[in-house]
Amino acid sequence: MRLNYVMYVFSQITSDMLRLKNDASEFASKYIKPLTLNKSREFPLDLWNVIGEAGFLGLLIPKEYGGSEKGYLGMCLVGESLVASGHNLGLVLSIIVHNVIAKLVFDDISSENIKDKYLSRIASGLSTVSFAISEPEVGAHPKYLKTTAVKKEGGFSISGEKSHVTNGPIADYFVVIAITGTSGYRKMFSAFIVPCNADGLTLTQGIPVNSLHPSPHCGIKLENCWVSEDNTVIENHAYEKLVIPFRSAEDVGLMGPILGGMSYQLSHVVEKLKEHNRIKNIGEAGTETLGHIAYLDHTLRLIAYETALILDKKEGKHDVTPFVLSFRALSRRRSKIIERFVTKNNIPVCDDYEIITRDLWQLIKLASNVLLLKQRKIGEETIRCHQP
(Lines give C-alpha, C1' and ligand atoms only; values in the text may rest on other atoms or scores of the structure.)
Protein backbone atom coordinates (compact mmCIF):
# COMPACT_ATOMS: atom_id res chain seq x y z
CA MET A 1 0.00 0.00 0.00
CA ARG A 2 2.79 2.40 0.88
CA LEU A 3 4.56 1.93 -2.48
CA ASN A 4 1.26 2.47 -4.34
CA TYR A 5 0.66 5.61 -2.30
CA VAL A 6 4.07 7.00 -3.15
CA MET A 7 3.72 6.14 -6.84
CA TYR A 8 0.27 7.74 -7.00
CA VAL A 9 1.17 11.02 -5.36
CA PHE A 10 4.71 11.36 -6.68
CA SER A 11 4.58 10.44 -10.34
CA GLN A 12 7.89 12.30 -10.69
CA ILE A 13 9.61 9.50 -8.77
CA THR A 14 10.87 7.40 -11.66
CA SER A 15 11.89 3.76 -11.63
CA ASP A 16 15.48 5.04 -11.58
CA MET A 17 14.73 6.96 -8.36
CA LEU A 18 13.14 3.91 -6.77
CA ARG A 19 16.22 1.85 -7.65
CA LEU A 20 18.38 4.52 -6.06
CA LYS A 21 16.26 4.35 -2.90
CA ASN A 22 16.54 0.56 -2.85
CA ASP A 23 20.31 0.70 -3.45
CA ALA A 24 20.70 3.07 -0.52
CA SER A 25 18.67 0.76 1.70
CA GLU A 26 20.79 -2.26 0.74
CA PHE A 27 24.00 -0.26 1.23
CA ALA A 28 22.93 0.86 4.71
CA SER A 29 21.95 -2.66 5.76
CA LYS A 30 25.33 -3.99 4.65
CA TYR A 31 27.75 -1.25 5.66
CA ILE A 32 26.14 1.05 8.27
CA LYS A 33 23.77 -1.03 10.41
CA PRO A 34 26.43 -3.56 11.56
CA LEU A 35 28.54 -0.76 13.07
CA THR A 36 27.96 0.84 16.48
CA LEU A 37 28.00 4.37 15.12
CA ASN A 38 25.36 5.81 17.46
CA LYS A 39 27.79 5.67 20.37
CA SER A 40 31.01 6.32 18.48
CA ARG A 41 32.90 9.61 18.63
CA GLU A 42 35.42 8.42 16.03
CA PHE A 43 34.44 9.13 12.45
CA PRO A 44 34.64 6.05 10.17
CA LEU A 45 36.89 7.38 7.41
CA ASP A 46 37.13 3.96 5.74
CA LEU A 47 33.34 3.86 5.48
CA TRP A 48 33.31 7.45 4.18
CA ASN A 49 35.50 6.31 1.30
CA VAL A 50 33.10 3.45 0.55
CA ILE A 51 30.18 5.90 0.64
CA GLY A 52 32.02 8.02 -1.93
CA GLU A 53 32.67 5.01 -4.14
CA ALA A 54 28.95 4.14 -3.97
CA GLY A 55 28.12 7.59 -5.38
CA PHE A 56 26.34 9.01 -2.34
CA LEU A 57 28.68 12.03 -2.02
CA GLY A 58 27.98 13.39 -5.50
CA LEU A 59 24.19 13.15 -5.63
CA LEU A 60 23.75 16.79 -6.69
CA ILE A 61 26.81 17.06 -8.94
CA PRO A 62 26.62 16.92 -12.79
CA LYS A 63 27.71 13.67 -14.39
CA GLU A 64 30.48 15.43 -16.31
CA TYR A 65 32.25 15.91 -12.95
CA GLY A 66 31.64 12.36 -11.75
CA GLY A 67 28.40 13.00 -9.90
CA SER A 68 25.12 11.17 -10.35
CA GLU A 69 22.95 14.29 -10.80
CA LYS A 70 19.99 12.89 -8.84
CA GLY A 71 18.83 16.26 -7.53
CA TYR A 72 17.36 17.15 -4.15
CA LEU A 73 14.60 14.57 -4.54
CA GLY A 74 17.19 11.84 -5.08
CA MET A 75 19.17 13.07 -2.09
CA CYS A 76 16.00 13.05 0.02
CA LEU A 77 15.25 9.46 -0.96
CA VAL A 78 18.82 8.37 -0.24
CA GLY A 79 18.89 10.12 3.14
CA GLU A 80 15.61 8.51 4.11
CA SER A 81 16.74 4.99 3.16
CA LEU A 82 20.22 5.27 4.70
CA VAL A 83 18.75 6.16 8.10
CA ALA A 84 15.75 3.80 7.98
CA SER A 85 17.97 0.81 7.14
CA GLY A 86 21.25 1.94 8.75
CA HIS A 87 19.79 3.12 12.07
CA ASN A 88 22.09 6.14 12.37
CA LEU A 89 21.38 9.85 11.81
CA GLY A 90 24.79 11.42 12.45
CA LEU A 91 26.62 9.85 9.53
CA VAL A 92 23.81 10.77 7.14
CA LEU A 93 23.87 14.36 8.43
CA SER A 94 27.51 14.52 7.29
CA ILE A 95 26.57 13.07 3.89
CA ILE A 96 23.78 15.62 3.36
CA VAL A 97 25.92 18.61 4.39
CA HIS A 98 28.74 17.51 2.06
CA ASN A 99 26.30 17.18 -0.87
CA VAL A 100 24.65 20.55 -0.30
CA ILE A 101 27.98 22.38 -0.09
CA ALA A 102 29.16 20.62 -3.25
CA LYS A 103 26.07 21.79 -5.12
CA LEU A 104 25.56 25.35 -3.87
CA VAL A 105 29.20 26.41 -3.56
CA PHE A 106 31.23 24.42 -6.04
CA ASP A 107 28.66 23.79 -8.78
CA ASP A 108 26.11 26.60 -8.74
CA ILE A 109 28.17 29.76 -8.31
CA SER A 110 31.87 28.90 -8.62
CA SER A 111 34.07 29.67 -11.63
CA GLU A 112 34.86 27.04 -14.22
CA ASN A 113 38.41 26.90 -12.86
CA ILE A 114 37.12 26.01 -9.38
CA LYS A 115 34.75 23.42 -10.82
CA ASP A 116 37.52 21.77 -12.82
CA LYS A 117 39.87 21.83 -9.86
CA TYR A 118 37.59 20.51 -7.11
CA LEU A 119 34.28 19.04 -8.23
CA SER A 120 35.39 15.59 -9.35
CA ARG A 121 37.28 14.98 -6.12
CA ILE A 122 34.34 16.24 -4.04
CA ALA A 123 31.81 14.09 -5.93
CA SER A 124 33.89 10.95 -5.36
CA GLY A 125 34.63 11.73 -1.71
CA LEU A 126 38.37 12.02 -2.31
CA SER A 127 38.00 15.55 -0.92
CA THR A 128 35.60 16.49 1.87
CA VAL A 129 34.21 20.01 2.21
CA SER A 130 32.84 22.00 5.13
CA PHE A 131 31.03 25.33 5.49
CA ALA A 132 32.34 27.82 8.07
CA ILE A 133 29.71 30.47 8.82
CA SER A 134 28.83 30.54 12.54
CA GLU A 135 31.07 32.22 15.10
CA PRO A 136 31.47 31.74 18.86
CA GLU A 137 28.60 33.15 20.93
CA VAL A 138 26.88 34.90 17.99
CA GLY A 139 25.89 32.09 15.63
CA ALA A 140 25.42 32.99 11.97
CA HIS A 141 23.61 36.33 12.31
CA PRO A 142 25.22 38.69 9.76
CA LYS A 143 24.97 41.66 12.11
CA TYR A 144 27.33 40.05 14.63
CA LEU A 145 29.82 38.15 12.45
CA LYS A 146 33.39 39.48 12.79
CA THR A 147 35.68 37.38 10.57
CA THR A 148 37.30 39.66 7.99
CA ALA A 149 39.11 39.21 4.70
CA VAL A 150 41.45 42.02 3.68
CA LYS A 151 42.15 42.27 -0.05
CA LYS A 152 45.80 42.32 -1.02
CA GLU A 153 47.67 41.78 -4.24
CA GLY A 154 46.73 38.37 -5.61
CA GLY A 155 44.29 37.39 -2.89
CA PHE A 156 42.95 37.95 0.63
CA SER A 157 44.20 37.72 4.20
CA ILE A 158 41.53 36.22 6.48
CA SER A 159 41.38 36.58 10.26
CA GLY A 160 38.67 35.42 12.64
CA GLU A 161 37.18 32.39 14.33
CA LYS A 162 34.38 30.01 13.34
CA SER A 163 32.43 27.53 15.45
CA HIS A 164 30.17 24.50 14.95
CA VAL A 165 31.70 23.52 11.64
CA THR A 166 30.05 20.26 10.55
CA ASN A 167 32.59 17.80 9.03
CA GLY A 168 35.37 20.19 10.05
CA PRO A 169 37.71 17.56 11.54
CA ILE A 170 37.66 15.54 8.30
CA ALA A 171 37.49 18.46 5.84
CA ASP A 172 40.09 18.97 3.14
CA TYR A 173 38.61 22.38 2.28
CA PHE A 174 36.65 24.96 4.25
CA VAL A 175 34.29 27.42 2.60
CA VAL A 176 34.81 30.45 4.84
CA ILE A 177 32.40 33.41 4.99
CA ALA A 178 34.17 36.70 5.81
CA ILE A 179 33.47 40.44 5.75
CA THR A 180 35.08 42.22 2.80
CA GLY A 181 33.45 45.64 3.06
CA THR A 182 30.35 47.62 3.94
CA SER A 183 27.50 49.20 2.04
CA GLY A 184 25.97 51.87 4.21
CA TYR A 185 25.31 50.15 7.53
CA ARG A 186 25.32 46.66 6.01
CA LYS A 187 28.29 44.34 5.99
CA MET A 188 29.29 42.73 2.71
CA PHE A 189 30.44 39.12 2.83
CA SER A 190 32.58 37.03 0.53
CA ALA A 191 33.17 33.27 0.35
CA PHE A 192 36.60 31.66 0.08
CA ILE A 193 37.91 28.13 -0.33
CA VAL A 194 40.56 27.56 2.34
CA PRO A 195 42.60 24.31 2.36
CA CYS A 196 42.80 22.56 5.72
CA ASN A 197 46.61 22.84 5.67
CA ALA A 198 46.68 26.57 4.85
CA ASP A 199 49.16 28.66 6.86
CA GLY A 200 47.35 30.49 9.65
CA LEU A 201 44.45 28.00 9.91
CA THR A 202 44.09 25.83 13.01
CA LEU A 203 41.29 23.60 14.25
CA THR A 204 39.66 24.38 17.60
CA GLN A 205 37.28 22.36 19.74
CA GLY A 206 34.31 24.55 18.91
CA ILE A 207 30.96 23.98 20.61
CA PRO A 208 30.78 20.47 22.16
CA VAL A 209 28.19 18.29 20.40
CA ASN A 210 26.81 15.41 22.47
CA SER A 211 24.47 13.98 19.87
CA LEU A 212 24.33 12.93 16.22
CA HIS A 213 27.42 10.72 16.46
CA PRO A 214 29.64 10.12 14.58
CA SER A 215 29.14 13.37 12.60
CA PRO A 216 32.29 15.37 13.46
CA HIS A 217 32.26 19.05 14.43
CA CYS A 218 34.92 21.57 15.37
CA GLY A 219 35.81 25.23 15.14
CA ILE A 220 38.54 26.90 13.12
CA LYS A 221 40.76 29.87 13.84
CA LEU A 222 42.25 31.95 11.04
CA GLU A 223 45.18 34.28 11.69
CA ASN A 224 46.25 36.22 8.61
CA CYS A 225 45.36 33.15 6.57
CA TRP A 226 46.29 33.79 2.94
CA VAL A 227 43.85 32.74 0.21
CA SER A 228 44.60 33.29 -3.46
CA GLU A 229 42.20 35.18 -5.67
CA ASP A 230 41.58 31.95 -7.61
CA ASN A 231 39.94 30.49 -4.50
CA THR A 232 37.41 33.31 -4.16
CA VAL A 233 33.95 31.82 -4.73
CA ILE A 234 31.90 35.02 -4.63
CA GLU A 235 32.86 38.52 -3.57
CA ASN A 236 30.70 40.90 -1.47
CA HIS A 237 27.37 39.12 -2.03
CA ALA A 238 27.98 35.76 -0.36
CA TYR A 239 25.39 36.11 2.39
CA GLU A 240 22.36 36.68 0.18
CA LYS A 241 23.55 34.48 -2.70
CA LEU A 242 25.08 31.62 -0.74
CA VAL A 243 24.43 31.57 3.02
CA ILE A 244 20.65 32.08 2.83
CA PRO A 245 20.14 29.54 0.01
CA PHE A 246 22.37 27.10 1.92
CA ARG A 247 20.09 27.28 4.94
CA SER A 248 17.05 26.44 2.83
CA ALA A 249 18.81 23.63 0.96
CA GLU A 250 20.13 22.14 4.21
CA ASP A 251 16.64 22.27 5.76
CA VAL A 252 15.22 20.42 2.77
CA GLY A 253 18.11 17.96 2.62
CA LEU A 254 17.62 16.99 6.26
CA MET A 255 13.97 16.11 5.66
CA GLY A 256 15.11 12.80 4.18
CA PRO A 257 17.10 11.61 7.24
CA ILE A 258 14.29 12.79 9.53
CA LEU A 259 11.80 10.69 7.55
CA GLY A 260 14.18 7.74 7.78
CA GLY A 261 14.51 8.10 11.54
CA MET A 262 10.74 8.25 11.94
CA SER A 263 10.32 5.18 9.74
CA TYR A 264 12.76 3.29 11.95
CA GLN A 265 10.92 4.43 15.09
CA LEU A 266 7.52 3.22 13.92
CA SER A 267 8.88 -0.10 12.62
CA HIS A 268 10.69 -0.72 15.90
CA VAL A 269 7.62 0.06 18.02
CA VAL A 270 5.35 -2.23 16.00
CA GLU A 271 8.01 -4.96 16.06
CA LYS A 272 8.20 -4.76 19.87
CA LEU A 273 4.41 -4.87 20.17
CA LYS A 274 4.29 -8.05 18.09
CA GLU A 275 7.33 -9.57 19.76
CA HIS A 276 5.83 -9.27 23.24
CA ASN A 277 2.23 -10.02 22.18
CA ARG A 278 1.07 -6.57 23.23
CA ILE A 279 -1.06 -5.74 20.18
CA LYS A 280 -4.34 -6.65 21.90
CA ASN A 281 -3.30 -4.73 25.02
CA ILE A 282 -3.16 -1.34 23.30
CA GLY A 283 -6.86 -1.50 22.39
CA GLU A 284 -8.69 0.59 19.84
CA ALA A 285 -7.23 3.82 21.23
CA GLY A 286 -3.71 2.53 20.72
CA THR A 287 -4.48 1.36 17.20
CA GLU A 288 -5.93 4.80 16.43
CA THR A 289 -2.72 6.40 17.72
CA LEU A 290 -0.61 4.21 15.45
CA GLY A 291 -2.85 5.27 12.58
CA HIS A 292 -2.35 8.89 13.58
CA ILE A 293 1.42 8.46 13.50
CA ALA A 294 1.27 6.65 10.14
CA TYR A 295 -0.82 9.31 8.39
CA LEU A 296 1.43 12.05 9.75
CA ASP A 297 4.39 10.15 8.28
CA HIS A 298 2.63 10.05 4.88
CA THR A 299 1.97 13.79 5.07
CA LEU A 300 5.56 14.56 6.07
CA ARG A 301 6.80 12.44 3.18
CA LEU A 302 4.55 14.39 0.81
CA ILE A 303 5.92 17.72 2.08
CA ALA A 304 9.53 16.53 1.87
CA TYR A 305 9.34 15.13 -1.65
CA GLU A 306 7.42 18.06 -3.07
CA THR A 307 9.74 20.59 -1.43
CA ALA A 308 12.76 18.78 -2.89
CA LEU A 309 11.13 18.97 -6.32
CA ILE A 310 10.68 22.73 -5.90
CA LEU A 311 14.43 23.09 -5.39
CA ASP A 312 15.14 20.83 -8.34
CA LYS A 313 12.87 22.89 -10.60
CA LYS A 314 14.10 26.16 -9.04
CA GLU A 315 10.52 27.27 -8.58
CA GLY A 316 9.79 30.39 -6.53
CA LYS A 317 13.48 31.27 -6.30
CA HIS A 318 13.99 28.55 -3.70
CA ASP A 319 11.39 30.08 -1.36
CA VAL A 320 10.53 26.91 0.52
CA THR A 321 10.12 28.51 3.95
CA PRO A 322 6.40 27.64 4.43
CA PHE A 323 7.10 24.00 3.62
CA VAL A 324 10.09 23.81 5.96
CA LEU A 325 8.09 25.38 8.78
CA SER A 326 5.18 22.98 8.19
CA PHE A 327 7.51 19.98 8.10
CA ARG A 328 9.18 20.96 11.36
CA ALA A 329 5.87 21.72 13.13
CA LEU A 330 4.32 18.39 12.10
CA SER A 331 7.54 16.58 13.01
CA ARG A 332 7.45 18.02 16.53
CA ARG A 333 3.81 16.99 16.90
CA ARG A 334 4.49 13.50 15.60
CA SER A 335 7.53 13.05 17.89
CA LYS A 336 5.49 13.90 20.98
CA ILE A 337 2.70 11.50 19.98
CA ILE A 338 4.97 8.49 19.55
CA GLU A 339 6.86 9.35 22.75
CA ARG A 340 3.60 9.38 24.73
CA PHE A 341 2.50 6.13 23.06
CA VAL A 342 5.72 4.31 23.97
CA THR A 343 5.58 5.55 27.57
CA LYS A 344 1.87 4.87 28.09
CA ASN A 345 2.12 1.29 26.80
CA ASN A 346 5.46 0.50 28.49
CA ILE A 347 6.98 -0.60 25.21
CA PRO A 348 10.54 -1.90 25.70
CA VAL A 349 12.85 -0.14 23.25
CA CYS A 350 16.53 -0.66 22.51
CA ASP A 351 19.43 1.76 22.95
CA ASP A 352 19.49 2.58 19.23
CA TYR A 353 15.83 3.62 19.42
CA GLU A 354 16.49 5.98 22.32
CA ILE A 355 19.55 7.50 20.61
CA ILE A 356 17.76 7.96 17.28
CA THR A 357 14.80 9.54 19.09
CA ARG A 358 17.18 12.00 20.78
CA ASP A 359 18.99 12.74 17.52
CA LEU A 360 15.71 13.21 15.64
CA TRP A 361 14.73 15.87 18.15
CA GLN A 362 18.08 17.61 17.64
CA LEU A 363 17.55 17.76 13.88
CA ILE A 364 13.95 18.92 14.25
CA LYS A 365 15.11 21.76 16.53
CA LEU A 366 18.07 22.70 14.29
CA ALA A 367 18.19 26.46 13.57
CA SER A 368 14.84 26.88 15.35
CA ASN A 369 15.57 30.55 16.15
CA VAL A 370 16.14 31.31 12.47
CA LEU A 371 12.94 29.51 11.52
CA LEU A 372 11.03 31.41 14.22
CA LEU A 373 12.20 34.69 12.70
CA LYS A 374 10.99 33.50 9.29
CA GLN A 375 7.65 32.54 10.82
CA ARG A 376 7.36 36.00 12.34
CA LYS A 377 8.11 37.55 8.97
CA ILE A 378 5.32 35.51 7.38
CA GLY A 379 3.01 36.75 10.15
CA GLU A 380 3.97 40.38 9.49
CA GLU A 381 3.35 39.92 5.76
CA THR A 382 -0.03 38.35 6.55
CA ILE A 383 -1.02 41.37 8.63
CA ARG A 384 -0.02 43.75 5.83
CA CYS A 385 -1.92 41.76 3.22
CA HIS A 386 -5.12 41.78 5.26
CA GLN A 387 -5.14 45.42 6.26
CA PRO A 388 -8.38 47.22 5.26
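**Briefing on the predicted model**

A search of the whole structure finds zero disulfides, a disulfide being defined as a pair of cysteine sulfur atoms within 2.5 Å. The model is predicted, so local features need pLDDT of at least 70 and side-chain atom pairs count only at pLDDT 80 or more, whereas totals for chains, interfaces and linings use all residues. Residues are numbered from 1 along each chain as its sequence is written, and side-chain values use heavy atoms, with hydrogens and water left out.

**Cysteines**

- A disulfide is a covalent bond that joins the sulfur atoms of two cysteines.
- For Cys 225 the closest cysteine sulfur belongs to Cys 196, and because the two sulfurs are 11 Å apart, they are too far from each other for a bond.
- Cys 225 counts as buried at 0% relative accessibility, where buried means under 20% relative accessible area, exposed means over 50%, and partly exposed is in between (1.4 Å probe, protein chains only).
- Cys 76 is likewise buried, with a relative accessibility of 2%.

**Packing of helix 8 and helix 11**

- Helix 8 (residues 255-275) packs with helix 11 (residues 351-365) at an angle of about 150°, their axes being 10 Å apart; axes are lines fitted to C-alpha atoms, for helices over the stretch in contact, and angles run from 0 to 180 degrees between N-to-C directions.
- Helices (H or I, at least four residues) and strands (E, at least two) are DSSP runs, numbered from the N terminus.
- On the side of helix 8 the contact (heavy atoms within 4.5 Å) is made by Ile 258, Gly 261, Met 262, Tyr 264, Gln 265, His 268 and Val 269, and helix 11 contributes Asp 352, Tyr 353, Ile 356, Thr 357, Leu 360, Leu 363 and Ile 364.
- The residues of this contact between helix 8 and helix 11 divide into nine nonpolar, four polar and one charged, with Ala, Val, Leu, Ile, Met, Phe, Trp, Tyr, Cys and Pro counted as nonpolar, Asp, Glu, Lys and Arg as charged, and the others, Gly among them, as polar.

**Aromatic rings**

- The count comes to nine aromatic pairs, under the rule that rings of Phe, Tyr and Trp (its six-membered ring) pair if their centres lie within 6.5 Å, with planes under 30 degrees apart counted as stacked, over 60 as edge-to-face and the rest as tilted.
- One of these pairs is that of Phe 27 and Tyr 31, which is tilted, at 4.7 Å centre to centre and with 35° between the planes.
- Both Phe 27 and Tyr 31 lie in helix 2 (residues 15-32), where they are four residues apart, about one turn of the helix.
- Phe 27 is buried, with a relative accessible area of 9%, whereas Tyr 31 is partly exposed at 32%.
- Tyr 264 and Tyr 353 have ring centres 6.5 Å apart and planes at 40°, so this pair is tilted.
- That pair links distant parts of the chain, as Tyr 264 in helix 8 and Tyr 353 in helix 11 are 89 residues apart, and both Tyr 264 and Tyr 353 are buried.
- Phe 27, Tyr 31 and Phe 56 form one aromatic cluster.

**Single residues**

- Thr 321, in helix 10 (residues 321-344), is buried at 13% relative accessibility, and it touches Lys 374 and Ile 378, not counting residues up to four places away in sequence.
- Asn 281, in helix 9 (residues 279-313), is exposed, with a relative accessible area of 57%.
- Asp 230 lies in the loop between strand 7 (217-228) and strand 8 (232-234) and is exposed, with a relative accessible area of 61%.
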